[in-house]
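Please read the points below alongside the sequence and the coordinates. They are arranged by region.

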Amino acid sequence: FANYCMMVDQLKSKGNAALSAGNWEEAVSFYSEAIKIDNKNHLLYSNRSAAYAKGQKFQDALDDARTCVEIKPDWGKAYSRLGNALELLHKDEEACEAYTKGLEIDPNNEQIKTSLQNLRSKIENDGDGKMDISQIFKSASVMERLKNDPRTKKYMDDPSYVAMIESLKNDSKLLGVYLKDQRIMNSIAVLLDLPNNYSVQTEAPNASSEPPKNAPAEPEKMDVDVPDNEKMALEEKDLGNAAYKKKDFETALLHYDKAIELNDKDIRFRNNKAAVYFEMGEYEKCIKECETAIEVGKTVQADFKEYAKSYARIGNAHLKMSDLAAAQTFFKKSLSEYREPTVVKKLQQVEKTIKEQEQLAYINPEIAEAEKSKGNSFFQNGKFPEAMKHYNEAIK
């Protein structure tokens, strides 16, 4: 029996890897082989449903989703898979019913909530199968979604692109002006949740020709068994976060240490632990923990945002220790990973202060040293106007 389980796990892992690489046919083959061994494994049907959907074999995706529900009717994800397949087949009302059933079983499932909300919005705006695409720019999460999708992430450093998106958020009628820009077309694909292999063709709102019908929803990702140790680690993290918010730092550290013990590959736990050290004024320990997080992250290809947090926290620690040059270095490293506005502002403040200090030292070294010490004290506590007052006084 153990050997059969091992064979199933190996085939499922190969299927997951193939699907992640976009090889849906290969993924289907591996999942099918695993199902021959264990035809009661709901995860196999769920994952194969995702693979079929990826290959636009929507009826096959629906058949597997229904089998998944039959095997595991108390699993909310099964209804999410069923709803997705129905939506891909343009059976929107049935899809709504499936999503609703999934939420009855798993009320906290954010993925199902989002799918149901999006589908209901589509039905409301699209009674005859058509929609005003320009309205997708009205969502409050537009910028965040465009920042996080590889297709549009690279555009976010271009002020002209950001200005266009902001304009569309305020006035959707401008879409007709911007449609010739391929970046906007790619943005529409992202905001409509279209897969990479879908192209977007549309016309300006109120155009005389008929707008296209809604493209099918993007197939969901395959299911992955989360090991018990990882689940327990996340629970410890949540407990640590709760203690941190109460400023019970010792308890927070105990929970973060336990999370790291259970799963030492998730750098979020180390970043959180570093945040505790920072609040405790243990800046050297904070830096060391962040450095460890970065090294661990390199071995598991961690999220670039987590790297950015590590570098930014090192920069903040150096800032507290009055090492402006080091703070400047690590803020720049943070921004090279992810352009967080608060870090941009801090870097600008640090660079301005460094420039002021250099001017002070040049004009009157003795006064500069005394006033710089006072200014640094205020600067460390975030009192920038007071700090600048001392720097300016030294110049006089």
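**Notes on the model**

1. The crossing of helix 17 and helix 18 is left-handed, a term used when the near helix is turned anticlockwise from the far one by less than a right angle, with clockwise giving right-handed. Helices here are DSSP runs of H or I with at least four residues, strands are runs of E with at least two, and both are numbered from the N terminus. On the partners in this crossing, helix 17 contributes Phe304, Tyr307, Ala308, Tyr311, Ala312, Ile314, Gly315, Asn316, His318 and Leu319, and helix 18 contributes Leu324, Ala326, Ala327, Phe330, Phe331, Lys333, Ser334 and Glu337. Contact means heavy atoms within 4.5 Å. By class, the contact of helix 17 with helix 18 has twelve nonpolar, four polar and two charged residues. Nonpolar covers Ala, Val, Leu, Ile, Met, Phe, Trp, Tyr, Cys and Pro, charged covers Asp, Glu, Lys and Arg, and the others, Gly among them, are polar.

2. This is a predicted model, in which local features need pLDDT of at least 70 and side-chain atom pairs count only at pLDDT 80 or more, while totals for chains, interfaces and linings use all residues. Residues are numbered from 1 along each chain as its sequence is written, and side-chain values use heavy atoms, with hydrogens and water left out.

3. Two packed helices are described by the angle between their axes and the distance between the axes. For helix 17 and helix 18, the axes come within 8 Å and cross at roughly 170°. Axes are lines fitted to C-alpha atoms, for helices over the stretch in contact, and angles run from 0 to 180 degrees between N-to-C directions. Helix 17 and helix 18 are therefore roughly antiparallel; the classes are roughly parallel under 35 degrees, roughly antiparallel over 145, roughly perpendicular from 65 to 115, and oblique for the rest.

4. The loop between helix 17 and helix 18 (324–337) holds serine 322. Its phi is near 65°, a positive value in a residue other than glycine. Serine 322 is partly exposed at 29% relative accessibility, where buried means under 20% relative accessible area, exposed over 50% and partly exposed in between (1.4 Å probe, protein chains only).

5. Histidine 90 sits in the loop between helix 5 (76–88) and helix 6 (92–105) and is exposed, with a relative accessible area of 52%.

6. Which residues does glutamate 306 contact, leaving aside its neighbours within four places in sequence? They are Ile267, Arg268 and Asn271. Glutamate 306 belongs to helix 17 (residues 304–320) and is buried at a relative accessible area of 11%.

7. Arginine 183, in helix 12 (residues 182–191), is a buried residue with 18% relative accessibility. Beyond its neighbours within four places in sequence, arginine 183 is in contact with Tyr155, Asp158, Ser160, Tyr161 and Met164.

8. Helix 2 (residues 24–37) packs on helix 3 (residues 42–54) at an angle of about 155°, with the axes 9 Å apart. The two are therefore roughly antiparallel, and helix 2 passes helix 3 in a left-handed crossing. The contact is made by Trp24, Ala27, Val28, Tyr31, Ser32, Ala34 and Ile35 of helix 2 and Leu44, Tyr45, Asn47, Arg48, Ala51, Tyr52 and Lys54 of helix 3. The classes in the contact of helix 2 with helix 3 are ten nonpolar, two polar and two charged residues.

9. Glutamate 25, in helix 2, is exposed at 56% relative accessibility. Glutamate 25 and arginine 48 are 23 residues apart in sequence and 9.8 Å apart in space, C-alpha to C-alpha. Aspartate 60, in helix 4 (residues 58–71), is partly exposed with a relative accessible area of 33%. Aspartate 60 and arginine 48 are twelve residues apart in sequence, with a C-alpha to C-alpha distance of 9.0 Å.

10. A search of the whole structure finds four aromatic pairs. In one of them, the rings of tyrosine 244 and phenylalanine 249 have centres 5.9 Å apart and planes at 50°, so the pair is tilted. Rings of Phe, Tyr and Trp (its six-membered ring) pair if their centres lie within 6.5 Å; planes under 30 degrees apart count as stacked, over 60 as edge-to-face and the rest as tilted. Tyrosine 244 is partly exposed at 26%, and phenylalanine 249 is buried at 14% relative accessibility.

11. For the chain as a whole, there are 21 helices and zero strands. Buried residues make up 44% of the 396 residues.
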